[in-house]
Amino acid sequence: MSTEERKVVLEVKGLTKKFGNDIAVKNISFNLYDGEFLFVIGPSGCGKTTTLRMIGGYEFPSSGEISVRGQLLNNVPLEKRNIGMVFQSYALFPHMTVQKNVEYGLRMRGISKGARREKVADVLSLVELEEFSDRYPSQLSGGQKQRVALARVIVLEPDLLLLDEPLANLDKRLRDTMRVELKKLQEKVGITTLYVTHDQEEALAMADRIVVMHDGNILQVGSPKDVYNAPSSPFVAGFLGETSSFHGTVRACPDGTREIVVDDDMTVKPSPTHLLNDSDSVFVSIRPERIQLSKEKQIQEVNCTSGIIDFVSYLGSHVVYFINVLSGRALLKASEAIPTGEASFKVGDRVQAYWQEENVVCISEDREDSAVNV
Amino acid sequence: MKRTLGNITFHLFGLLLVTYFTLPMVIAVLMSFGPSRFLRLPTNEWTIKWYVEFFSTTKWMDGLWNSLIVSGLTIVFSLIVGMTTALAFTKYKYKWGAGLYTLSLTPVFTPAVIIAMALLTVAYRTGMHGGYTIIAVAHSLWAFPLVVMVLKVSLDGLDKSLEEAARGMGATSLQAFRTITLPLVMPSVLVGALFAFIISINEFVMALFLGTVDTETLPRIIYPVLRYRLTPLVAAASGVLMFATVVMLLIAARLVNLARLVQNQRS
Amino acid sequence: MFSRISERLGRYQKFFLLSPLLFFLIFFFAGPLLWLFRVSLYQSRGSSGFGIGGADGKEGGGFYVEGTWTIENYVRFFQDDYFRDIMFFTVELALIVTVVTMLVSYPMAYYIYKAGPKLKIFLLIIVILPKLSNMLVLVYGLQILMANNGWINKALVGLGIIDEPIKLVYTLFSVVVSKVLLIAPYTILVITAALHGLDKTLRDAAMGLGASSTKAFATITFPLSLPGSYVALLITIVWALGAFVSPLLLGNPDLTTLAVEVPRQTFENVNWAMGSAIAFIILSLMFVVVLIFNLIIGSAIKWRTE
């Protein structure tokens, strides 16, 4: 489906939020398309939760516009917006049963008891909690509470679903399971969803598109693949996944191409190279899984460096080697899948680390970390 | 050896203090069941004649009735002022917020005589003198800070997102308060009301200054008898007051449990 | 812009919720206190003024002369021995009551603090008990206890400590005992709360470093509980200055306090201006005493616990 064919459900334009002298959200704009699962990620304090709350109506923007399905929401009070929000703490009403919690919004809309009962039953079966309708929140597990919080807003058929770090309070195993369930649920119901989290792994696993925020600005918007493989700024490169990063200077090569000199021992040549300017200062990033190691003397001229393995981190399915390169001045991380359970190298080994040119990410530092609006 | 001696003195001292606190009341209650103004124990001349006299004397019954009316009004006033104040300070941030909050609690530290005298001069000018209202107002000045404190603790313990979640699902501010916040803090509200009642029904000084013969509360009627005639009827009257307090305590305890049950069925 | 409108609404909303409090405080507390001061500046009709005027208080109704401004009441207060003595006694009584209350409260609070859970609840109920009952009841009970043939005298005589019953009731002793009983529940609760708020591990750390339990108490627990105890102290002295019921019912004419004098001037002498003046003087005394205490002791405590 091309971008023009998809309907825009949420349009955010020039959104800004100031708390006194502190500008939490700095003039951001982005769109959310029908049925999309969009993630807004960033470190604590980057403004993602504030943005979410402004869209939901829990905070007033200092300036900017928020529209849902073409209707400007700025003057629409919180309770009249048809936007469902799931809070980090779930905010289940402790003095009401699951049934009463889920039908609360319907009650506020004046829907009759019979119709309410039916709708609640439907949505509870959707989240597989039919037998729990008479339980109280205190009698539910974390995952169950989460599903009730979801059911509670889904039953109202909102235009937009907002999720504020919904999996943050769950332990790792449950989180992984819930990720799959959430994604499946979202696809099944087809509800347009905006999900806020600081967990980049979650975003990569579930998102249709990702918005990366830092310090109140949007740094990049794109699919998980784009954001991971083609980060537009050093921050994005470092925020998603693991990476080894370096700085270098661009140098022209005799054959017309260019290469980046990081050090005597390390020259990086990306592909393509025509976008680089001579003498530019460049940020270089290489993902650990893209680096290969060998005990051979010299594998290739460029995109290769030598070092000594300083630490081996055993993670069950793979190991990560921490390699001292550039005479100990820098650290290179290389990962290796170990289906047999045996790592190929050990601490103290002298190795050559090499990678392919298409796996190099380089970003000119003369334009670093600029705000990107898409 | 030294440690046990210290321990013993410690516990002895505790016992002494416990006696100090309970003895006057115990004696008063005993006297109310005794035959005469001289307490001789052990005695088997227990009688309820003082209580009978109390309940059959118009003057005393009127006093009780007045006390109950004033206490009821006190509950109403202090809950209105106390609840709105606690809610306001929980929900919003104010400039000089902390100072304003402490300031709003100062009436509870003001001695009764001063409150009574100040309100007296104003009451006379506005013709409120002698009515139930002005006495209840005076009592509320002592009671509402307690309501605020008790309620604030409860409100602070609530998850802030509960009300937001309710509003996000279409409830107005008032609906959210009524269906979510209020049920959850109801126990504290009841405790606050209980405090207001206890303060009011036992209060003597303000009632003395601000009331007239028509609105004499029970403590006011007890006073001259206590000062000049000293019969166990006074003890019976006090016993009735204490009984009223205990009844309220039990009612409050029951209501707290009931409140929880009702919410589950009604909503 | 819309944000300004909603902000304006927001500002309106938070004061709307606070309006009952503001109304109450202004019209029934601050206002009357200011008016009290104003009344104290009226010229009094003198003690011969009978004739309760109209119910609306016009013409002062025999209480004071309308429209006058004078400080004669205050002047008279400070010049007349009678009033000055009462004032000195009030302060004296307040100090005695404060000392005794603190002496009673701190150990009791510590006792509760150290007690096991069941005992703790029992003790807390005991402490609250005087507050659940009428102060007049307590006075009555104390009167009987301290009478010449009351239990205390009987016990003292029986134990051979004294030969004849001593006069306990209607003395300074009875006044102090009564007032302390009325205030102590509050101070005990405040100090108990302060003690419970302390970090228990601090004491453990001190003892781990070699301090005996007494030493640990003296150097760690007690100083850290001082800020909370100081609040209790202030409450006590403020309330003790307003002592009314205790001296009235368990005292004698020599033991009149300012608070007792207020209704006497107001109702018996029908001299409202004077009554108000005395009430205002009590208020001022409270401020002055709190100020002095804050300056002297307050800063000392802050220095010790910093």
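**Interface, cores and salt bridges of the predicted complex**

The contact between chain B and chain C takes 73 residues from chain B and 78 residues from chain C, where contact means heavy atoms within 4.5 Å. The model is a predicted one, in which local features need pLDDT of at least 70 and side-chain atom pairs count only at pLDDT 80 or more, whereas totals for chains, interfaces and linings use all residues. Residues are numbered from 1 along each chain as its sequence is written, chains are lettered from A and ligands numbered from 1 in the order in which they are written, and side-chain values use heavy atoms, with hydrogens and water left out.

Between them, chain B and chain C bury about 6800 Å², of which 80% lies on carbon and sulfur atoms; buried area is here the accessible area (1.4 Å probe) that two parts lose on being put together, summed over both. Across this interface zero salt bridges are found, a salt bridge being a side-chain nitrogen of Lys or Arg within 4 Å of a carboxyl oxygen of Asp or Glu.

Chain C contains 12 helices and two strands, assigned as DSSP runs (H or I of at least four residues for helices, E of at least two for strands) and numbered from the N terminus. Of its 306 residues, 51% are buried, that is, under 20% relative accessible area, with exposed set at over 50% and partly exposed in between (1.4 Å probe, protein chains only). Among contacts in chain C between residues at least 6 apart in sequence, 70% join residues at least 24 apart.

The largest nonpolar core comprises 171 residues, among which Phe209(B) and Phe244(C) touch the most other members; such a core is a set of buried Ala, Val, Leu, Ile, Met, Phe, Trp, Tyr and Cys residues joined through side-chain atoms within 4.5 Å. Helix H3 (residues 81-114) of chain C gives the most to this core, with 16 residues. Residues up to four places away in sequence being left aside, Phe244(C) touches residues of both chains, including Val113(B), Phe204(B), Phe209(B), Val260(C) and Pro263(C). A second, separate core of 89 residues includes Leu73(A), Leu170(A), Tyr195(A) and Ala165(B).

Leu255(C) is found in the loop between helix H10 (245-250) and helix H11 (258-268) of chain C, and is buried, with a relative accessible area of 11%. The C-alpha atom of Leu255(C) is separated by 8.6 Å from that of Val175(C), although the two residues are 80 apart along the chain. Val175(C) is also among the residues that Leu255(C) touches, together with Phe89(C), Tyr170(C) and Pro247(C), among others.

Over all chains, 25 salt bridges are found. In chain A, the side chains of Arg69(A) and Asp159(A) meet in one of them (3.2 Å, N to O). Arg69(A) lies in the loop between strand S4 (63-68) and strand S5 (71-72) and Asp159(A) in the loop between helix H4 (142-154) and strand S7 (160-164), so the pair ties together parts that are 90 residues apart in sequence. Arg69(A) is partly exposed at 40% relative accessible area, as is Asp159(A) at 23%. Glu242(A) forms a salt bridge with Lys333(A), with the closest N and O atoms 3.0 Å apart; Glu242(A) is partly exposed at 47% relative accessibility, whereas Lys333(A) is buried at 18%.
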